[in-house]
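This explanation leads through a predicted model.

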Amino acid sequence: MRQPISIALLAAALLAGSVCRAEVVVIVSARNPVKALSSEQAADLFLGVSADFPNGLHAVPIDQSEGSPVRDAFYQRSSGKAPAQMKAYWARMLFTGRGQPPVESGDSAAVKRLVADNPNLVGYIDRSALDPSVRAVLTIH
């Protein structure tokens, strides 16, 4: 019986280590006029509290795939919510009709491609994936 527990602990430790190491940035298209977002503004966009950038432009948040270390780090650091808490949050929001979770779109490369092509999208990626097609508007610490 001890082996499954040890494997589970090892997996949890590896996941926690990868979440802690990821340097996450919130991004918009290089064509989007928004230059910066506060931590609260970014969290509000991704939690469905707000539907617009501070300048009034409609914002469409794009999530990384469930289970992504970058996604887990983003939500843990921006909202203080672990993956299970995010699932529960969106289950409540859907059940009460108060919101829809962001569309999932793969990894940092996939999110970056989508955001680069549409000024209304906002996403988050690992800092190492940044290039001139997108602009970092917030670094999540």
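A salt bridge joins the side chains of K112 and D131, with N and O 3.0 Å apart. Because K112 belongs to helix α5 (residues 108-117) and D131 to the loop between β4 and β5, the pair ties together parts that are 19 residues apart in sequence. K112 is buried, at a relative accessible area of 16%, whereas D131 is partly exposed, at 29%.

The whole structure contains 5 salt bridges. Among them is the one between R127 and E23, whose closest N and O atoms are 3.2 Å apart. This pair links distant parts of the chain, 104 residues apart: R127 lies in the loop between β4 and β5, and E23 in the loop between α1 (2-21) and β1. Both partners count as partly exposed, R127 at 30% relative accessibility and E23 at 36%.

K87 and E66 also form a salt bridge through their side chains (3.0 Å, N to O). Here helix α4, which holds K87, is tied to the loop between β2 and α3, which holds E66; the two parts are 21 residues apart in sequence. E66 is partly exposed, with a relative accessible area of 47%.

Helix α2 (residues 39-46) has the buried residues A42, A43, L45 and F46. These residues lie on the same side of α2, because they cover an arc of only 160 degrees around the axis. The elements that cover them include β1 (24-29), β2 (60-63), α3 (69-79), α4 (83-96), β4 (121-126) and β5 (134-140). After α2 comes G48, which has a positive phi, near 75 degrees.

Terms used: Residues numbered from 1 in each chain as written. Predicted model: local features only at pLDDT ≥ 70, side-chain atom pairs only at ≥ 80, totals over all residues. Heavy atoms only, no water. Buried < 20%, exposed > 50% of the residue type's maximum accessible area, 1.4 Å probe, protein only. Helix = DSSP H or I, 4+ residues; strand = E, 2+ residues; numbered from the N terminus. Arc of directions from axis to C-beta. Contact = heavy atoms within 4.5 Å. Salt bridge = Lys/Arg side-chain N within 4 Å of Asp/Glu carboxyl O.
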